[in-house]
Amino acid sequence: MLLEEFCPQMAGRIVEINDKVRLHQASDANLAARAETLASKVRARAVRDDTSVACVFVHEDLDNTDSDAYPIIRERVQKALESALGNVHYALAVSEIEAWLLLFPDALSAIAASWSLPAKHKGKDTGRLPDPKKILMNEVSGAGRRYRESDAPEILDRAAKLGVLDRPVGRNRSFDQIRVDVARCCTEHIRK
């Protein structure tokens with residue numbers, strides 16, 4: 001859904017593999033093996049679906065705030081994935097995907113009228129917030145309908161429908177990176 005919003009040519013061409021693979025914490029030997037396991041699953045799925053693979057996006061939460069370590073961790077995993085898969089983009093969300101959701105207060109309010117992003121979090125670097133999920137659960141959703149992890153796709157979908165994905169309220173290095181990666185895949189690897 002997010003990928004399709006940034007690259008309409010991907011519509012109807014996205015296949016998800018929902019395996020939880022911990023990459024950023026893996027040792028070098030384990031990282032190569034995990035990347036190859038993931039690559040095998042992608043190749044098997046392509047064979048099963050009788051299709052080719054243009055790009056692969058691998059999403060993982062960093063489970064830590066943004067810091068100078070982020071680009072080092074991301075690049076290490078990106079290289080291992082490229083060795084195994086080729087055209088791959090590692091979407092390492094800092095600190096978690098909930099940090100991306102905080103960039104779209106209008107989408108949050110559209111999900112539940114009682115939800116409101118406190119002013120102290122608006123316009124901030126959401127990757128530096130220590131616990132975005134807790135902010136969503138305790139400060140945004142408060143006493144009414146509580147935020148659940150399963151709400152994330154709906155919030156991003158609502159942000160897309162509201163036309164605000166290109167106008168985040170704040171910043172987040174990992175969100176900016178996925179936008180760049182999708183644009184690259186779209187222009188270099190997806191046939192128009």
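Cys7 and Cys186 are both buried. In this predicted model, the two are also partners: a disulfide joins Cys7 to Cys186, with 2.1 Å from S to S. Cys7 sits in the loop between helix 1 (2-6) and helix 2 (28-48), while Cys186 belongs to helix 8 (residues 173-188), so the bond ties together parts that are 179 residues apart in sequence.

How many disulfides does a search of the whole structure find? It finds two. The other cysteines to look for are Cys55 and Cys185, joined by a disulfide with an S to S distance of 2.1 Å. Here the torsion about the S-S bond is about 115°, so this disulfide is right-handed. Cys55 lies in the loop between helix 2 and strand 1 and Cys185 lies in helix 8, so this pair links parts that are 130 residues apart in sequence.

Are Cys55 and Cys185 buried or exposed? Cys55 has a relative accessible area of 16%, and buried means under 20%, so Cys55 counts as buried. Cys185 is buried as well, at 0%. If you number the bonded cysteines of the chain in sequence order, the pairing reads 1-4, 2-3.

Here are the two bonds in a table.

| Disulfide | S to S | Torsion about S-S |
|---|---|---|
| Cys55 to Cys185 | 2.1 Å | about 115° |

Now for the chain as a whole. Its secondary structure comes to eight helices and two strands. Start at the N terminus and walk along, and the elements come in the order α-α-β-α-β-α-α-α-α-α.

Of the 192 residues, 43% count as buried. The chain exposes about 10,100 Å², and carbon and sulfur atoms supply 49% of that area.

Contacts tell you how the chain meets itself. Take those between residues at least 6 apart in sequence: 77% of them join residues at least 24 apart. Charge comes next: the chain carries 29 positive and 29 negative side chains, and the centres of these two sets lie 1 Å apart.

You'll find Val58 in strand 1 (residues 56-61). Its relative accessible area is 10%, so Val58 is buried. Which residues does Val58 touch, not counting residues up to four places away in sequence? The list is Leu23, Leu38, Leu81, Val88, His89, Tyr90 and Ala91. For a sense of distance, pick Gly163, which is 105 residues away from Val58 along the chain: their C-alpha atoms are separated by 25 Å.

Asp66 is the other one to click on. Asp66 is in the loop between strand 1 and helix 3 (69-85). What relative accessibility does Asp66 have? The value is 5%, so this loop residue counts as buried. Leaving aside neighbours within four places in sequence, Asp66 is in contact with Val94, Gly127, Arg128 and Arg173.

Key
Residues are numbered from 1 along each chain as its sequence is written. This is a predicted model: local features need pLDDT of at least 70, side-chain atom pairs count only at pLDDT 80 or more; totals for chains, interfaces and linings use all residues. Side-chain values use heavy atoms; hydrogens and water are left out. Helices (H or I, at least four residues) and strands (E, at least two) are DSSP runs, numbered from the N terminus. Buried means under 20% relative accessible area, exposed over 50%, partly exposed in between (1.4 Å probe, protein chains only). Contact means heavy atoms within 4.5 Å. Accessible areas come from the Shrake-Rupley method with a 1.4 Å probe; for residues, only the protein chains shown count as cover. Lys and Arg count as positive and Asp and Glu as negative; His and the chain ends are not counted. The place of a charge is taken as NZ of Lys, CZ of Arg, CG of Asp or CD of Glu. A disulfide is a pair of cysteine sulfur atoms within 2.5 Å.
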